[in-house]
Amino acid sequence: YKRQTLGAPIDWKRAADAGARCAPRPPRATRAEIVDTERGLASASQQARGIVADTAELPEVAGGETLVVDRPGWVRAACESFDRVFDDPQMREGASKVGHHARAAAAGAQTGAMMGWLSGRILGQFDPWADRLLLVAPNVVSVQRAMDVDPVAFRLWVCLHEETHRLQFATAPWLTEHLTRTAGRLVERVDGDWKLVAGSLLRS
């Protein structure tokens, strides 16, 4: 895929650090519950791959990571992906300039705060640029408890949705490039409003 350029430079490391600090506290859980959730999500993801492939009558996707993360972990992973997609040559060339660096750091802190807020609302997300599925364990637990549904069934439901996206991108490789081009057009439309760009992509 081709990298896109945001109108405003962003220090994505600063965004990741700020977002991790701003992420909401996880729901209360014992160590045993945490381990059970992490193992359950990993197992559900693998099970869902086969179900999705059989339903679609397509070959099961081979490879690709599945990461069960907490809220700060999701923020850091999302920032890594944005750093892959949105390249700012000016930032890299002028990183030593105080004014430029300060603007990028401020933009990173603000973007990170927004992503920290979003980290409490994402159940799972397939990242086509890194070819990995992120499952946010605290959010899965929170929603499952709020809905008062069976945890095993709910984990599988979440994974079926996300593994469907994995299969879509694996079956149609052009989708990643299409998503990147769409992001580029969004950048142009909002005239470099990086906060709106990031929020729009994460909600898509």
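**Entry 1: H2 and H6**

I began with H2 and H6, which pack at an angle of about 100°, with axes 10 Å apart. Before going on, I noted that this is a predicted model, where local features need pLDDT of at least 70 and side-chain atom pairs count only at pLDDT 80 or more, while totals for chains, interfaces and linings use all residues. I also noted that residues are numbered from 1 along each chain as its sequence is written, and that side-chain values use heavy atoms, with hydrogens and water left out.

The axes here are lines fitted to C-alpha atoms, for helices over the stretch in contact, and the angles run from 0 to 180 degrees between N-to-C directions. Helices (H or I, at least four residues) and strands (E, at least two) are DSSP runs numbered from the N terminus. At that angle, H2 and H6 are therefore roughly perpendicular to each other; the scheme takes under 35 degrees as roughly parallel, over 145 as roughly antiparallel, 65 to 115 as roughly perpendicular and the rest as oblique.

Which residues touch? I found Glu33, Thr37 and Leu41 on H2, against Ala137, Val140, Val141 and Arg145 on H6, with contact meaning heavy atoms within 4.5 Å. They split into four nonpolar, one polar and two charged. For these classes, Ala, Val, Leu, Ile, Met, Phe, Trp, Tyr, Cys and Pro count as nonpolar, Asp, Glu, Lys and Arg as charged, and the others, Gly among them, as polar.

**Entry 2: H6 and H7**

Next I followed H6 to H7. These two pack at about 125°, their axes 10 Å apart, so they are oblique to each other. On H6 the contact uses Val140, Val143, Gln144 and Met147, and on H7 it uses Pro151, Phe154 and Arg155. I noted five nonpolar, one polar and one charged residues there. Val140 of H6 is in this contact and also in the one with H2.

**Entry 3: H1 and H3**

I then looked at H1 (residues 12-22) and H3 (residues 71-85), which pack at about 165° with axes 8 Å apart. The pair is therefore roughly antiparallel. H1 brings Trp12, Ala15, Ala16, Gly19 and Ala20 to the contact, and H3 brings Pro72, Val75, Arg76, Cys79, Phe82 and Asp83. That makes eight nonpolar, one polar and two charged residues.

**Entry 4: the cavity**

How many cavities of 30 Å³ or more are there? I got one. My search ran on a 1 Å grid over the protein atoms alone: a cavity is a set of points where a 1.4 Å probe fits but cannot get out, a pocket is an open set with protein on both sides within 12 Å along at least five of seven lines, and lining residues have an atom within 4 Å of a point.

The largest cavity holds about 50 Å³; grid points are joined across faces, edges and corners, and a volume is the space filled by probe spheres set on the points. Its lining is Arg49, Val52, Ala53, Pro59, Glu60, Val61, Glu163, Arg166 and Leu167. H2 (31-56) and H7 (151-171) are the elements giving two or more residues to it. I counted five nonpolar, no polar and four charged residues in this lining.

Last, I checked the second largest pocket, with a volume of about 270 Å³. Of its 16 lining residues, Pro26, Ile34, Asp70, Ala137 and Pro138 are the closest to the centre. H2, strand E1 (65-69), H3 and H6 (137-147) each give two or more residues. H2 gives the most, with four. The lining divides into 11 nonpolar, one polar and four charged.
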